[in-house]
Amino acid sequence: MEPTNPSTDPTDALSAVPAAGARRGVAPTGRLRFFFGPMDCGKSTLALQIDHNQARQGRRGLLLVRHDRSGTPTISSRMGLARHALEVHEDMDLRALVRRRWADGARVDYLIVDEAQFLSPAQVDQLAELADDAQLDIYCFGLATDFRSTLFPGSRRLFELADDLDAIQVEVLCWCGHPGRFNARVHDGDVVRAGDTVLVADTAHTSDEVRYQVLCRRHYRTGDLGPETVQGRQLSLT
């Protein structure tokens, strides 16, 4: 018997993608997106811009953050933009948070989650469930790797589950001028490679003992922070 030619199959049964009519009975779902990049690439600025654009269309959202560098429940940008947000605690169930909003009569169309690398894998699973079952659009923003160049647990789970992975295109430069991708932790002028994964500090070169600096792979490996004249004022396009 001759095989059916897919181009002449009137039922579209052999197509790898279901025909439009076959998808009409499928419930719509939201999307889980992860925007990632090194420090200073503009993640928080983009988070606030997306919230602004969504709100302009009459949509209602929740702004969430975990360990913002300001030490307050705020999504803050180094460009001076800031919005109040809800702090995500370690044992918080994000599904229950949304349900409480619904119980209070509030509408929730989307979530903005900044510093998403600090979420637990279980909380990322909860976000995926909200996207699939509650049709929420969820926008997560964060670092991919920690100061040891190892994936954060929350980021790893987002890479595994997100519908869309978006590397933020604003280029951050190492002191040498090459693209920076590694978030080095600096203690008393030296790159450190051991310690707690979560240690919130800024990139500013101050009298504080600990800060962070973005480096290229070569200078991250060698621990070279560059000349004193540029050390601590990381070059970036943000």
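Me: How many helices and strands are there in the protein chain?
Reply: The model is predicted, so local features need pLDDT of at least 70 and side-chain atom pairs count only at pLDDT 80 or more, while totals for chains, interfaces and linings use all residues. Residues are numbered from 1 along each chain as its sequence is written, and side-chain values use heavy atoms, with hydrogens and water left out. Helices (H or I, at least four residues) and strands (E, at least two) are DSSP runs numbered from the N terminus. On that basis, the protein chain has five helices and eleven strands.

Me: What percentage of the 238 residues in the protein chain is buried?
Reply: A residue is buried under 20% relative accessible area, exposed over 50%, and partly exposed in between (1.4 Å probe, protein chains only). Of the 238 residues in the protein chain, the buried share is 40%.

Me: Which share of the contacts with a separation of 6 or more joins residues 24 or more positions apart?
Reply: Contact means heavy atoms within 4.5 Å. Among contacts in the protein chain with a separation of 6 or more, residues 24 or more positions apart account for 72%.

Me: How many salt bridges does the structure hold?
Reply: Side chains of opposite charge can pair when their charged atoms come close. A salt bridge is counted when a side-chain nitrogen of Lys or Arg lies within 4 Å of a carboxyl oxygen of Asp or Glu. The number held by the structure is eleven.

Me: How many residues apart are Arg59 and Asp137, which form a salt bridge?
Reply: The closest N and O atoms of Arg59 and Asp137 are 3.2 Å apart. This pair links distant parts of the chain, with Arg59 in the loop between helix H1 (43-56) and strand S2 (61-65) and Asp137 in strand S7 (residues 137-142).

Me: Which residue forms a salt bridge with Arg157?
Reply: Arg157 lies in helix H4 (residues 153-161), and the pair links distant parts of the chain, with the partner in helix H3 (residues 121-133), 32 residues apart. Arg157 is partly exposed at 24% relative accessible area. The closest N and O atoms of the pair are 2.8 Å apart, and the partner is Asp125.

Me: What separates the C-alpha atoms of Arg157 and Pro121?
Reply: Leaving aside neighbours within four places in sequence, Arg157 is in contact with Pro121, Val124 and Asp125. Arg157 and Pro121 are 36 residues apart along the chain, yet their C-alpha atoms are separated by 5.6 Å.

Me: Which helix holds Arg218, a member of a positive surface patch?
Reply: The patch is formed by Arg181, Arg217, Arg218 and Arg221. Patches are made of residues with over 30% relative accessible area and no salt bridge, with like charges joined within 9 Å and nonpolar side chains (Val, Leu, Ile, Met, Phe, Trp, Tyr) within 5 Å. Arg218 is exposed, because its relative accessible area is 57%. This residue is found in residues 217-222, which form helix H5.

Methods: Areas by Shrake-Rupley, 256 points an atom, 1.4 Å probe, with all protein chains shown as cover. Lys, Arg positive; Asp, Glu negative; His and termini not counted. Charge placed at Lys NZ, Arg CZ, Asp CG, Glu CD.
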